[in-house]
Amino acid sequence: MGKRPIVIGVTGGSGSGKSSVSKEILSQYTELSVLVLAQDNYYKDQKHMPFEERLKTNYDHPLAFDNDLYFQHIQAFMAGETIEVPIYDYVQHTRSDQVSHEISRDVLILEGILLFEDSRIRDLCDIKVYVDTEDDVRLARRIQRDVIERGRSVESVLKQYLEVVKPMHHQFVEPTKRYADIIVPEGGHNHVAIDLLSTKIHSIIN
């Protein structure tokens, strides 16, 4: 690959539809190699902590992320290097012992709730996208995801949402909307916004 990859940042609240937007982008660039590098993979390693302490982690606070490593990996990827992406174990609330080896591609999609909160990561993005979805819709999606995929109870998800997720969203996530180049209401269902985004990406590629 002769030039650095295009970097697209996709952020928004938990359950906003970030993954759907990323998948829509992926579907339109089958001729290019694309990697989605989720910020969720870069939650800090907590193996040194007792399990009971890990359960108290506020995953919606900027300090929960190892942004130093995330930033280093993005830079290495842009330079054409292979990176070892950590894999987070949501059952054990820490990183697993496995990593994913990823070679550099044509397009790098960064995805995470606090992507634009760190200016170092924000400044690496060629296009910055904020997915804007109503709180009640995001809550419903979060319940479905955490119960089915992460083995949580509905009661625990609701408790965490009201006590942590919602206040952290309004304190840290929503204010980063001002950094976005494009705001996409309702996530991947907004086909007009996706088409506009795709047109912009094509113009950068060409």
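This is a predicted model: local features need pLDDT of at least 70, side-chain atom pairs count only at pLDDT 80 or more; totals for chains, interfaces and linings use all residues.
We can start with the helix pair. Two packed helices are described by the angle between their axes and the distance between the axes. For helix α5, spanning residues 135-150, and helix α6, spanning residues 154-173, the packing angle is about 135° and the axes lie 10 Å apart. With this angle, α5 is oblique to α6. The crossing in which α5 passes α6 is right-handed. On the α5 side, the contact is made by D135, R138, L139, R142, I143, D146 and V147. Their partners in α6 are V154, V157, L158, Q160, Y161, V165, K166, H169 and H170. By residue type, this contact of α5 with α6 comprises eight nonpolar, three polar and five charged residues.

Attention now turns to the nonpolar cores. The largest of them holds 19 residues, of which L37, Y70, I74, L108, L110 and I121 touch the most other members. Two or more residues of this core come from each of β2 (34-38), α3 (67-78), β3 (83-89) and β5 (107-111). Among these contributors, α3 gives the most, namely six residues.

How values were computed. Residues are numbered from 1 along each chain as its sequence is written. Side-chain values use heavy atoms; hydrogens and water are left out. Axes are lines fitted to C-alpha atoms, for helices over the stretch in contact, and angles run from 0 to 180 degrees between N-to-C directions. Helices (H or I, at least four residues) and strands (E, at least two) are DSSP runs, numbered from the N terminus. Angles under 35 degrees count as roughly parallel, over 145 as roughly antiparallel, 65 to 115 as roughly perpendicular and the rest as oblique. A crossing is left-handed if the near helix is turned anticlockwise from the far one by less than a right angle, and right-handed if clockwise. Contact means heavy atoms within 4.5 Å. Ala, Val, Leu, Ile, Met, Phe, Trp, Tyr, Cys and Pro count as nonpolar, Asp, Glu, Lys and Arg as charged, and the others, Gly among them, as polar. A nonpolar core is a set of buried Ala, Val, Leu, Ile, Met, Phe, Trp, Tyr and Cys residues joined through side-chain atoms within 4.5 Å. Buried means under 20% relative accessible area, exposed over 50%, partly exposed in between (1.4 Å probe, protein chains only).
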